[in-house]
Amino acid sequence: MVVVTGQSKASATPDDAMSSSDAEDDFQEPATPTATQAGQALPLLPQQFPEVVPLNVGGMFFTTRLSTLRRYEDTMLAAMFSGRHYIPTDAEGRYFIDRDGTYFGDILNFLRSGELPPRERVRSVYKEAQYYSIGPLLDNLEDIQPLKGEKVRQAFLGLMPYYKDHLERIIEIAKLRAMQRKARFAKLKVCVFKEEMPITPYECPHFNSLRFERSESEAKLFEHHCEVDVSFGPWEAVADVYDLLHCIVSDLSARGITVEHQCIGVCDKHLINHYYCKRPIYEFKITWW
């Protein structure tokens with residue numbers, strides 16, 4: 001009960017009395033959560049999983065042991081089924097993972113027994129292993145073909161910092177030319193050269209080094225740009241021009257681009273005295289449909 005004295009409201013202090021509204025607020029019952037709030041609430045207790053776990057991965061069904069999913073603790077699957085995160089279930093009670101399940105069986109086979117996929121599925125399973133952060137599987141796949149060979153190839157391509165930019169330039173030029181001419185295909189000239197300096201038979205007696213080293217002033221006399229659309233090189237490695245051509249064609253083909261190429265000669269540009277550029281020139285034909 002609240003006692004009201006004859007003092008004015010202004011003279012009353014907070015410690016002397018509470019208003020009736022304050023008292024009512026103190027004794028109000030907690031508000032009932034709305035349906036929206038209840039739906040957004042997360043489970044307060046850790047989620048419990050059965051020993052045998054039914055899974056629905058993008059509409060494909062799998063069944064495995066809980067210990068299999070937790071095989072490697074630093075993986076996404078181990079974290080998902082640790083109980084710290086809420087995993088939704090489908091209408092049949094299967095735990096749902098919103099991911100294409102085409103290669104999930106290969107993931108489970110590795111977690112169960114260390115089994116690796118056949119060669120034709122290695123690249124696809126590697127992408128799934130990246131998504132699920134399964135380090136041991138990634139390491140194993142990188143040590144077999146075709147990924148092991150790809151590591152060697154990338155080490156070679158790393159010698160050319162603008163390799164990817166040049167690939168994009170080939171595609172862009174071919175697309176623009178085909179569109180401008182309303183043609184099914186487009187042709188462009190590409191120079192691929194390994195040597196650091198132009199070579200002619202006349203140079204051999206004058207330079208004993210395989211790199212044909214010259215002074216800075218002499219080197220400037222040989223600086224020029226071949227009249228081509230794109231130029232790759234130079235580089236220092238055992239891999240030769242044909243190896244780089246194979247890389248270019250393979251990478252373009254991997255992007256769904258039909259490409260043919262043939263050597264149409266050399267640059268043959270006069271540089272100084274009896275020196276001529278002998279860099280090979282290739283004609284690339286890009287067919288769009």
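**Entry 1: strands β1 and β3**

I began with strand β1, residues 52–57, and looked up its pairing with β3. The two strands run parallel and are joined by three bridges. I noted that this is a predicted model.

Then I looked at β2. β1 and β2 pair in the antiparallel sense, over six bridges. N56 turns up here again, with F61 as its bridge partner in β2. I also checked how the chain gets from β1 to β2. The two strands form a hairpin with two residues between them. G58 sits in that turn and has a positive phi of about 60 degrees.

**Entry 2: the three-stranded sheet**

I put the strands in order. The sheet is open, has three strands in the order β2-β1-β3, and its pairing is mixed. The edges are β2 (60–65) and β3 (95–97), each of which pairs on one side only. On average, neighbouring strands are turned by 30 degrees against each other, direction ignored.

Which helix packs on this sheet? I found α5, residues 104–113, touching β1 and β2. The direction of α5 makes about 10 degrees with that of β2.

**Entry 3: helix α5**

I listed the buried residues of α5: F104, D106, I107, L108, F110 and L111. In α5, F104, I107 and L111 are among the buried residues.

Next I asked what covers the buried residues of α5. The cover includes strands β1 and β2, and the helices α3 (66–69), α4 (76–80), α6 (122–131) and α7 (135–142). After α5 comes G114, with a positive phi near 80 degrees.

**Entry 4: the four-stranded sheet**

I moved to another sheet. This one is open, with four strands in the order β5-β4-β9-β6 and mixed pairing. β5 and β6 (258–266) have a single partner strand each, so one side of each is left without a neighbour in the sheet. The twist from one strand to the next averages 30 degrees.

I looked at one pairing in detail. β4 and β5 run parallel and are joined by three bridges. V190 stands opposite V230 in β5.

α9 lies across β4, β5 and β9, and runs at about 150 degrees to β4. α11 packs on the sheet too, touching β4, β5, β6 and β9, and its direction makes about 15 degrees with that of β9.

**Entry 5: the nonpolar cores**

Which residues touch the most other members of the largest nonpolar core? They are V192, L244 and I248, in a core of 30 residues. I then traced where the core comes from. At least two residues each are supplied by α8 (147–157), α9 (163–181), β4 (185–192), β5 (230–232), α11 (241–254) and β9 (280–287).

L244 is in contact with F156, L157, M160, Y163, V192, F232 and W235. Apart from this core lies another, of 28 residues, with M80, L108, L111 and V122 among them. In soluble globular proteins, nonpolar side chains tend to be buried together.

**Entry 6: R153**

I picked an arginine from helix α8, R153. Is R153 buried or exposed? Its relative accessible area is 18%, so R153 counts as buried, the limit being under 20%. The side chain of R153 makes a polar contact of 3.1 Å with that of E150. Not counting residues up to four places away in sequence, R153 touches Y163, C247 and D251.

**Entry 7: cysteines**

I searched for disulfides and the count came to zero. For C226, the nearest cysteine sulfur belongs to C267 and is 3.6 Å away. A disulfide needs the sulfur atoms within 2.5 Å, so C226 is in none. C226 is buried, at a relative accessible area of 10%. C247, which R153 touches, is also buried, at 4% relative accessibility.

**Entry 8: totals**

Last, I took down the overall counts. The protein has 11 helices and nine strands. Of its 289 residues, 33% count as buried. Among contacts between residues at least 6 apart in sequence, 65% join residues at least 24 apart.

Note on methods. Residues are numbered from 1 along each chain as its sequence is written. This is a predicted model: local features need pLDDT of at least 70, side-chain atom pairs count only at pLDDT 80 or more; totals for chains, interfaces and linings use all residues. Side-chain values use heavy atoms; hydrogens and water are left out. A nonpolar core is a set of buried Ala, Val, Leu, Ile, Met, Phe, Trp, Tyr and Cys residues joined through side-chain atoms within 4.5 Å. Buried means under 20% relative accessible area, exposed over 50%, partly exposed in between (1.4 Å probe, protein chains only). Contact means heavy atoms within 4.5 Å. A polar contact is a pair of N or O atoms within 3.5 Å; within protein, one must be able to donate a hydrogen and the other to accept it, and residues adjacent in sequence count only if both atoms are side-chain atoms. Two strands pair if DSSP finds at least two bridges between them. Axes are lines fitted to C-alpha atoms, for helices over the stretch in contact, and angles run from 0 to 180 degrees between N-to-C directions.
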